[in-house]
Amino acid sequence: MTYPLFYFQNVAYQRILSIDKMEINPYEVTCIVGESGGGKSTILKLLNKSISPTKGTIYYHDKDLADVDSITHRRKVLYLSQKPYMFKGTIKDNLIVGFNMQGITPPKDETLEALLDKLKLKKRLNDDAQYLSGGEAQRVALARLLLLDGDVYLLDEPSSALDDKSAGIIFETIVDFSLKHQKTLVMITHTKAIANQYAHKIYTIDQGHISKEEDNG
(Lines give C-alpha, C1' and ligand atoms only; values in the text may rest on other atoms or scores of the structure.)
Protein backbone atom coordinates (compact mmCIF):
# COMPACT_ATOMS: atom_id res chain seq x y z
CA MET A 1 0.00 0.00 0.00
CA THR A 2 1.28 3.46 -0.97
CA TYR A 3 0.81 6.22 1.58
CA PRO A 4 0.39 9.77 0.28
CA LEU A 5 3.33 12.15 0.32
CA PHE A 6 0.95 15.12 0.55
CA TYR A 7 -2.53 15.01 1.98
CA PHE A 8 -5.07 17.85 1.94
CA GLN A 9 -7.71 17.80 4.68
CA ASN A 10 -10.50 20.38 4.40
CA VAL A 11 -8.14 22.90 2.84
CA ALA A 12 -9.27 26.32 1.65
CA TYR A 13 -7.38 29.37 0.42
CA GLN A 14 -9.31 32.63 0.56
CA ARG A 15 -12.19 32.35 -1.91
CA ILE A 16 -10.00 30.75 -4.56
CA LEU A 17 -9.78 27.13 -3.43
CA SER A 18 -11.76 24.66 -1.33
CA ILE A 19 -10.64 21.02 -1.26
CA ASP A 20 -12.00 18.47 1.20
CA LYS A 21 -9.47 15.77 0.35
CA MET A 22 -6.53 15.44 -2.02
CA GLU A 23 -3.62 13.00 -2.10
CA ILE A 24 -0.27 13.21 -3.89
CA ASN A 25 1.52 9.87 -3.89
CA PRO A 26 5.33 9.58 -3.76
CA TYR A 27 7.35 8.71 -6.89
CA GLU A 28 4.32 9.20 -9.13
CA VAL A 29 3.24 11.71 -11.75
CA THR A 30 0.16 13.70 -10.76
CA CYS A 31 -1.44 16.02 -13.32
CA ILE A 32 -3.82 18.85 -12.51
CA VAL A 33 -6.11 20.00 -15.32
CA GLY A 34 -8.98 22.45 -15.63
CA GLU A 35 -10.00 25.85 -16.90
CA SER A 36 -7.86 28.95 -16.32
CA GLY A 37 -8.54 30.71 -13.04
CA GLY A 38 -9.84 27.57 -11.37
CA GLY A 39 -7.19 27.41 -8.65
CA LYS A 40 -4.63 25.03 -10.14
CA SER A 41 -1.59 27.26 -9.56
CA THR A 42 -2.77 27.91 -6.01
CA ILE A 43 -2.46 24.19 -5.27
CA LEU A 44 1.21 24.19 -6.35
CA LYS A 45 1.94 27.27 -4.24
CA LEU A 46 0.37 25.56 -1.22
CA LEU A 47 2.48 22.45 -1.79
CA ASN A 48 5.61 24.61 -2.01
CA LYS A 49 4.67 26.72 1.06
CA SER A 50 4.76 29.88 -1.03
CA ILE A 51 1.37 30.51 0.55
CA SER A 52 -0.44 28.93 3.50
CA PRO A 53 -4.05 27.71 3.64
CA THR A 54 -6.59 29.98 5.29
CA LYS A 55 -8.38 26.87 6.52
CA GLY A 56 -7.58 23.18 6.98
CA THR A 57 -4.36 21.17 7.07
CA ILE A 58 -1.84 19.99 4.50
CA TYR A 59 0.22 17.00 5.61
CA TYR A 60 3.69 16.24 4.20
CA HIS A 61 5.22 12.91 5.22
CA ASP A 62 2.35 12.71 7.78
CA LYS A 63 3.50 15.98 9.37
CA ASP A 64 1.53 19.22 9.40
CA LEU A 65 3.17 21.32 6.69
CA ALA A 66 2.70 24.40 8.87
CA ASP A 67 5.30 22.95 11.26
CA VAL A 68 7.90 22.35 8.53
CA ASP A 69 10.65 24.94 8.02
CA SER A 70 9.75 26.84 4.86
CA ILE A 71 13.26 27.35 3.47
CA THR A 72 14.24 23.71 4.00
CA HIS A 73 10.96 22.61 2.43
CA ARG A 74 11.37 24.76 -0.69
CA ARG A 75 14.84 23.35 -1.29
CA LYS A 76 13.32 19.88 -1.62
CA VAL A 77 9.89 20.73 -3.03
CA LEU A 78 10.83 22.82 -6.07
CA TYR A 79 8.34 25.04 -7.89
CA LEU A 80 8.54 26.26 -11.49
CA SER A 81 6.04 28.97 -12.37
CA GLN A 82 4.48 29.35 -15.79
CA LYS A 83 6.60 32.43 -16.51
CA PRO A 84 10.00 31.68 -14.95
CA TYR A 85 12.41 34.45 -14.06
CA MET A 86 15.71 34.80 -15.88
CA PHE A 87 18.60 36.33 -13.94
CA LYS A 88 21.00 38.73 -15.65
CA GLY A 89 23.98 36.99 -17.15
CA THR A 90 24.59 33.91 -19.24
CA ILE A 91 22.64 30.69 -19.54
CA LYS A 92 25.26 29.06 -17.34
CA ASP A 93 24.80 31.77 -14.71
CA ASN A 94 21.11 30.95 -14.64
CA LEU A 95 21.67 27.22 -14.43
CA ILE A 96 24.02 27.38 -11.45
CA VAL A 97 22.46 30.27 -9.51
CA GLY A 98 20.81 27.89 -7.02
CA PHE A 99 24.12 26.19 -6.29
CA ASN A 100 25.81 29.54 -5.72
CA MET A 101 23.07 30.67 -3.33
CA GLN A 102 23.46 27.50 -1.26
CA GLY A 103 27.27 27.48 -1.37
CA ILE A 104 27.35 24.18 -3.25
CA THR A 105 29.85 23.31 -5.99
CA PRO A 106 27.93 23.49 -9.29
CA PRO A 107 27.97 20.71 -11.89
CA LYS A 108 30.59 20.66 -14.62
CA ASP A 109 29.86 22.28 -17.97
CA GLU A 110 29.51 18.85 -19.58
CA THR A 111 26.59 18.04 -17.27
CA LEU A 112 24.90 21.36 -18.00
CA GLU A 113 25.34 20.93 -21.74
CA ALA A 114 23.99 17.37 -21.64
CA LEU A 115 20.80 18.51 -19.89
CA LEU A 116 20.25 21.35 -22.34
CA ASP A 117 20.68 18.83 -25.15
CA LYS A 118 18.05 16.55 -23.59
CA LEU A 119 15.66 19.50 -23.49
CA LYS A 120 16.45 20.26 -27.14
CA LEU A 121 17.83 23.71 -26.39
CA LYS A 122 20.51 24.48 -28.97
CA LYS A 123 22.27 27.26 -27.11
CA ARG A 124 25.75 27.77 -25.68
CA LEU A 125 26.35 28.16 -21.98
CA ASN A 126 27.87 31.61 -22.46
CA ASP A 127 24.89 32.96 -24.44
CA ASP A 128 23.10 35.91 -22.81
CA ALA A 129 19.94 34.68 -21.06
CA GLN A 130 18.17 38.02 -21.58
CA TYR A 131 17.82 37.32 -25.30
CA LEU A 132 16.08 33.96 -24.97
CA SER A 133 12.59 33.46 -26.36
CA GLY A 134 9.78 32.46 -23.99
CA GLY A 135 10.13 28.80 -24.88
CA GLU A 136 13.92 28.87 -24.53
CA ALA A 137 13.71 30.58 -21.14
CA GLN A 138 11.19 27.98 -20.02
CA ARG A 139 13.62 25.19 -20.88
CA VAL A 140 16.54 26.89 -19.12
CA ALA A 141 14.39 27.31 -16.01
CA LEU A 142 13.34 23.66 -16.20
CA ALA A 143 16.98 22.55 -16.51
CA ARG A 144 17.84 24.76 -13.52
CA LEU A 145 15.10 23.04 -11.51
CA LEU A 146 16.14 19.50 -12.43
CA LEU A 147 19.79 20.23 -11.60
CA LEU A 148 18.90 21.11 -8.01
CA ASP A 149 17.92 17.49 -7.36
CA GLY A 150 14.82 18.06 -5.25
CA ASP A 151 12.48 15.38 -3.96
CA VAL A 152 9.38 16.91 -5.55
CA TYR A 153 8.99 18.94 -8.75
CA LEU A 154 5.96 21.24 -9.08
CA LEU A 155 5.58 22.44 -12.66
CA ASP A 156 3.02 25.03 -13.76
CA GLU A 157 2.35 24.56 -17.48
CA PRO A 158 5.99 23.69 -18.30
CA SER A 159 5.27 23.66 -22.05
CA SER A 160 2.98 26.70 -22.37
CA ALA A 161 5.46 28.60 -24.61
CA LEU A 162 6.28 25.61 -26.82
CA ASP A 163 4.81 24.09 -29.97
CA ASP A 164 3.18 20.66 -29.74
CA LYS A 165 6.25 18.74 -30.96
CA SER A 166 8.60 20.49 -28.52
CA ALA A 167 6.06 20.11 -25.71
CA GLY A 168 5.94 16.35 -26.26
CA ILE A 169 9.73 16.13 -26.03
CA ILE A 170 9.78 18.21 -22.85
CA PHE A 171 7.09 16.17 -21.11
CA GLU A 172 8.77 12.90 -22.02
CA THR A 173 12.12 14.19 -20.70
CA ILE A 174 10.60 15.46 -17.44
CA VAL A 175 8.66 12.28 -16.74
CA ASP A 176 11.54 9.96 -17.66
CA PHE A 177 13.91 11.94 -15.43
CA SER A 178 11.49 11.91 -12.50
CA LEU A 179 10.70 8.22 -12.66
CA LYS A 180 14.34 7.22 -13.23
CA HIS A 181 15.53 9.23 -10.22
CA GLN A 182 12.53 8.39 -8.00
CA LYS A 183 11.14 11.90 -7.83
CA THR A 184 7.56 12.97 -7.25
CA LEU A 185 6.18 15.08 -10.09
CA VAL A 186 3.10 17.32 -9.97
CA MET A 187 2.27 19.13 -13.20
CA ILE A 188 -0.40 21.53 -14.35
CA THR A 189 -1.24 21.06 -18.00
CA HIS A 190 -4.00 22.44 -20.18
CA THR A 191 -3.75 19.36 -22.41
CA LYS A 192 -5.79 16.40 -21.18
CA ALA A 193 -4.09 14.12 -23.72
CA ILE A 194 -0.72 14.82 -22.05
CA ALA A 195 -2.21 14.04 -18.64
CA ASN A 196 -3.72 10.79 -19.94
CA GLN A 197 -0.39 9.76 -21.46
CA TYR A 198 1.90 10.40 -18.49
CA ALA A 199 -0.01 10.75 -15.21
CA HIS A 200 -0.66 8.09 -12.59
CA LYS A 201 -3.41 10.30 -11.18
CA ILE A 202 -5.37 13.20 -12.68
CA TYR A 203 -7.28 15.86 -10.76
CA THR A 204 -9.70 18.14 -12.62
CA ILE A 205 -10.16 21.48 -10.86
CA ASP A 206 -13.29 23.55 -11.50
CA GLN A 207 -13.86 26.87 -9.74
CA GLY A 208 -11.65 25.95 -6.83
CA HIS A 209 -13.05 22.46 -6.28
CA ILE A 210 -12.01 18.98 -7.39
CA SER A 211 -14.67 18.02 -9.91
CA LYS A 212 -13.04 14.74 -10.95
CA GLU A 213 -10.33 12.39 -9.69
CA GLU A 214 -8.96 9.70 -11.98
CA ASP A 215 -6.50 6.91 -11.31
CA ASN A 216 -4.54 6.42 -14.49
CA GLY A 217 -1.85 4.02 -13.31
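1. Let's start with I91: its relative accessibility is 0%, so I91 counts as buried (buried means under 20% relative accessible area, exposed over 50%, and partly exposed in between, with a 1.4 Å probe and protein chains only). This residue belongs to helix α3, residues 91–102. Helices here are DSSP runs of H or I with at least four residues, strands are runs of E with at least two, and both are numbered from the N terminus.

2. A word on the source: this is a predicted model, where local features need pLDDT of at least 70 and side-chain atom pairs count only at pLDDT 80 or more, while totals for chains, interfaces and linings use all residues. Residues are numbered from 1 along each chain as its sequence is written, and side-chain values use heavy atoms, with hydrogens and water left out.

3. What does I91 touch, leaving aside its neighbours within four places in sequence? Its contacts (heavy atoms within 4.5 Å) are L116, K123, R124, L125, D127, A129, L132 and V140. Along the chain, M101 is 10 residues from I91, and their C-alpha atoms are separated by 16 Å.

4. Now look at helix α6, residues 164–180. Its 17 residues reach 24 Å from first C-alpha to last, close to the expected 24 Å; that expectation is 1.5 Å times one less than the number of residues. After α6 comes Q182, with a positive phi near 55°.

5. K165 and I51 are 114 residues apart in sequence, and their C-alpha atoms are 34 Å apart.

6. Other residues of α6 are buried, among them I170, F171, I174 and F177. The cover over the buried residues of α6 includes β3 (29–34), α4 (109–118), α5 (134–147), β7 (152–156), β8 (184–188) and α7 (192–198).

7. Stepping back, the protein chain has 7 helices and 10 strands. Its radius of gyration is 17 Å, close to the 17 Å from the globule rule for 217 residues, so the chain is as compact as a globular protein of that length. The radius is taken over C-alpha atoms, and the rule is 2.2 Å times the number of residues to the power 0.38.

8. Among contacts with a separation of 6 or more, 65% join residues 24 or more positions apart.
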